[in-house]
Amino acid sequence: MIELNDVTVFYPKSEEPALNNINLSFDRGEFVCVLGPSGAGKSTMIRTINALQQATDGKVIIDGSDIAEWSEWKRRQWRSRTGMIFQHFHLIPRLTVEHNVLTGLFGQKHGIAAFAGVFSQSEKNKAQAILKQVGLEEMADRRVEWLSGGQKQRVGVARALMQEPEVFLGDEPVASLDPGTARSIFQLLREVHERKNLTTIINVHDVTLAKEFATRIIGLSHGEVIFNGSPDDLTSIGLETIYGKALQA
Ligand SMILES: Nc1ncnc2c1ncn2[C@@H]1O[C@H](COP(=O)(O)OP(=O)(O)OP(=O)(O)O)[C@@H](O)[C@H]1O
């Protein structure tokens, strides 16, 4: 379980906190979508959960253990248990699809071995099996730079799966995709989430996708939680509070 207890994050030289006294918990099996306008603190929350950003105040507790007390090695271990998916994919364009997927082992292997493409046959077989799950088995040898945005994000999901994660964190993973492709990526994420019984936390701007796929929605505004409930409970009034303007639920 992931718990944020009274978590506040100030960036250096900022007068306003990026996260302000956040209290949230995330259970295994939850598919949580985080909504909020630009600057609300969504990325900061993901980075704080991933131990990339330290809380200025409060505690981040993973399975009962306080992140602040962890060694850098333990933090890295935690990151290797969390699969990250990004808006701009963060893939290596000139490498093949399969090689990019294998870089998901980066946290578990020696960095140079991972980068130089030194992977065992069993690791390659695993990458192939994962590529099949995300519908890219025919594209293993293709360079990533030749793929469409949706295909690139499937590679991003496959790379995260290579880590055998317990947690999936997405920072606007569909913001660069057209609506149909965005929906198919959410379908894939939800499918993988259910198959692996993950904890999934996705920042998203698209309210319709959040309402369709999330088991719970969190609304952030100015670093504060202003909605935390089921998709059905998110009314147009709730959305107006999150975004500060009238939106249709
Ligand atoms: N590295 C940083 N240094 C200083 N301030 C930062 C830094 N990163 C984010 N901030 C500030 O912290 C606040 C929260 O930013 P954050 O990126 O978490 O919001 P967000 O909801 O993810 O926004 P977006 O939807 O635009 O990605 C903003 O005011 C932002 O300007």
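Student: Which residue in strand 5 stands opposite isoleucine 62?

Tutor: Serine 65 does. Before we go on, this is a predicted model, in which local features need pLDDT of at least 70 and side-chain atom pairs count only at pLDDT 80 or more, while totals for chains, interfaces and linings use all residues. Residues are numbered from 1 along each chain as its sequence is written.

Student: Why is strand 5 (65–66) called a strand?

Tutor: Strands are DSSP runs of E with at least two residues, and helices are runs of H or I with at least four, both numbered from the N terminus. Strand 5 covers 65–66, so this run meets the limit for a strand.

Student: What makes strand 4 and strand 5 a pair?

Tutor: Two strands pair if DSSP finds at least two bridges between them. Strand 4 (residues 57–62) and strand 5 are joined by two bridges in the antiparallel sense, so they qualify as a pair. Besides the position of isoleucine 62 opposite serine 65, isoleucine 61 faces aspartate 66 in strand 5. The two strands form a hairpin with two residues between them, and aspartate 63 in the turn has a positive phi of about 45°.

Student: How many bridges join strand 1 to strand 4?

Tutor: Five, and these two strands also run antiparallel. Here isoleucine 2 stands opposite isoleucine 62 in strand 4.

Student: What order do the four strands of this open sheet take?

Tutor: The order is 2-1-4-5, with antiparallel pairing. Strand 2 (19–26) and strand 5 are its edge strands, since each pairs on one side only. Helix 1 packs on this sheet and touches strand 1 (2–9), strand 2 and strand 4; its direction makes about 125° with that of strand 1. Touching here means contact, with C-beta atoms placed from the backbone and lying within 7 Å. Angles run from 0 to 180 degrees between N-to-C directions of axes, which are lines fitted to C-alpha atoms, for helices over the stretch in contact.

Student: What makes helix 1 (residues 42–49) mostly covered?

Tutor: Six of its eight residues are buried, namely Lys42, Thr44, Met45, Ile46, Thr48 and Ile49. A residue is buried if 20 or more other C-beta atoms, placed from the backbone, lie within 10 Å of its own, exposed if 12 or fewer do, and partly exposed in between. Just after this helix, alanine 51 takes a positive phi of about 65°.

Student: Which residues surround the ligand?

Tutor: They are Tyr11, Ser14, Ala18, Gly36, Ser38, Gly39, Ala40, Gly41, Lys42, Ser43 and Thr44. Each counts as near because its C-beta atom, placed from the backbone, lies within 6 Å of the molecule. This shell divides into three nonpolar, seven polar and one charged. In that tally Ala, Val, Leu, Ile, Met, Phe, Trp, Tyr, Cys and Pro are nonpolar, Asp, Glu, Lys and Arg are charged, and the others, Gly among them, are polar.

Student: How many residues of strand 3 are buried?

Tutor: Five of its five. Phe31, Cys33 and Leu35 lie on one side, with Val32 and Val34 on the other. Strand 3 (31–35) belongs to an open sheet of six strands in the order 6-7-8-3-9-10, with mixed pairing. Four bridges join strand 3 to strand 8 (residues 199–203) in parallel, and four join it to strand 9, again in parallel. Valine 34 stands opposite asparagine 203 in strand 8 and opposite isoleucine 218 in strand 9.

Student: Which residues have the most contacts inside the largest nonpolar core?

Tutor: Cys33, Val34, Val101 and Ala158, in a core of 65 residues. Such a core is a set of buried Ala, Val, Leu, Ile, Met, Phe, Trp, Tyr and Cys residues joined through C-beta atoms within 7 Å.

Key: Two residues are in contact if their C-beta atoms, placed from the backbone, lie within 7 Å.
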